[in-house]
Amino acid sequence: MIPEEDLKLIRSYLEKAENPVFLYDDDNDGLCSYLLFKQFCGKGKGIIVKARPHVDKFFVNRINEYNPDIVFILDKPIVFDEFVENVHVPIIWIDHHPVQNVEGVKYFNPLSYNKDGHGMSTTYWCHKIVGGSLWLAAIGTISDWVVPEWLDEFKIKYPDLIDDEKTPEDLLFKSKIGELCQIFSFFTKGKISDVKKNISLIEKIKEPYEILNGTSEAGKKLIKNIEKIRKEFNNLLKKAVSKVSKDNLLVFTYTNKKYSFTSDLSNYLVYKYPNKFIIVGRERGGEMKLSLRSGKYKVRDILEKTLKQVKGYGGGHEKACGSNVPVTEFSKFIDLIKKET
Ligand SMILES: [Mn+2]
């Protein structure tokens, strides 16, 4: 848990900010963290950090263009020193991935206080800091497989978005809020110019029904923008499900130049087949970009062990990880994991 006084401190930084820049992860948790902070400040600039777990030098110039007085980093597991050394305003970093030690930033991570506690999600903490739209807080939190203690409050406000679902799995795959989570994850896929358009449309949305029922222009436009992506996803999902066998290991790989669906596919598969070790891979530029999931196996431990014998990198949560492995190493990677299942 992040202590109350730290939450207040972060809030005071937001209140004082004249021109904040928000760097955020490209998943729902990162996006909703940003949306809540932007909503609270009513000013500043958001920069989405796509397709990499780290914040590196590349973002220094992008940030300096906006001449910010403060930088917030949301839901990114890694920040390189080369970034911190070249940004000359305060950096506030809020995250819930394994604790990092980086000099020169104000770092807030619930796991710093209790290594074995639950990190919840970054959106969960951002909501505690600024309040704001409860439905955005719910999307960011539930998408990270976290059930907030205010779920009942949410249910009273949006009775048609949740039934009796109580677990993250049921919320994500059986309820209307889960449908929204899926729609949201499509908003950040594809070309950065398309993603930026989607995000500025989302910033205009006040209630989820604008998207779900197309009751506003922005909502209608958003649904239209993701039509093609949704179709591609559903096609891939069908193919992935057809790969299911008696094996404990389920491997599904695909090539798609435009969109990454690895985490969406693996999340659905682990819900359907919790006892399997699931690996979904997207081949790109000589690398396999992987999402690993399981309800049964200790994914992170097995991944760490495997990466000692195979080139590549990766990490994440105990039962949900991401990894990059050269295509040439992929079959060895699979063989090693197979031995663990
Ligand atoms: Mn997160």
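Figure 1. In β4, Y24 is bridged to L74. The model is predicted: local features need pLDDT of at least 70, side-chain atom pairs count only at pLDDT 80 or more, and totals for chains, interfaces and linings use all residues. Residue numbers start from 1 along each chain as its sequence is written. Strand β1 (residues 20-25) and strand β4 (residues 70-74) run parallel and are joined by five bridges. Strands pair if DSSP finds at least two bridges between them. Strands (E, at least two residues) and helices (H or I, at least four residues) are DSSP runs, numbered from the N terminus.

**Figure 2. The open sheet of five strands.** The strand order is β2-β1-β4-β6-β7, with parallel pairing. The edges are β2 (45-49) and β7 (106-108). Each has a single partner strand, so one side of each lacks a neighbour in the sheet. Neighbouring strands are turned by 15° against each other on average, direction ignored.

**Figure 3. The β11-β12 hairpin.** Strand β11 (residues 313-316) pairs with strand β12 (residues 320-326) in the antiparallel sense, over four bridges. Three residues link β11 to β12 in the hairpin. G314 has S323 of β12 as its bridge partner.

**Figure 4. Helix α13 crossing helix α14.** The axes of α13 (residues 217-242) and α14 (residues 262-272) come within 10 Å and cross at roughly 45°. Axes are lines fitted to C-alpha atoms, for helices over the stretch in contact; angles run from 0 to 180 degrees between N-to-C directions. The two helices are therefore oblique to each other. Angles under 35 degrees count as roughly parallel, over 145 as roughly antiparallel, 65 to 115 as roughly perpendicular, and the rest as oblique. The crossing is right-handed, meaning that the near helix is turned clockwise from the far one by less than a right angle. F233, L236, L237 and A240 of α13 meet D264, L265, Y268 and L269 of α14. These contact residues divide into seven nonpolar, no polar and one charged. Nonpolar covers Ala, Val, Leu, Ile, Met, Phe, Trp, Tyr, Cys and Pro; charged covers Asp, Glu, Lys and Arg; the others, Gly among them, are polar.

**Figure 5. Domain 1 against domain 2.** Domain 1 spans 4-212 and domain 2 spans 243-340, with bounds from an automatic or database domain assignment. Their C-alpha centres lie 25 Å apart. Seven residues of domain 1 contact eight residues of domain 2; contact requires C-beta atoms, placed from the backbone, within 7 Å. Helix α9 (residues 168-174) gives the largest share of the domain 1 side, three residues. That side divides into three nonpolar, two polar and two charged residues.

How values were computed. Two residues are in contact if their C-beta atoms, placed from the backbone, lie within 7 Å.
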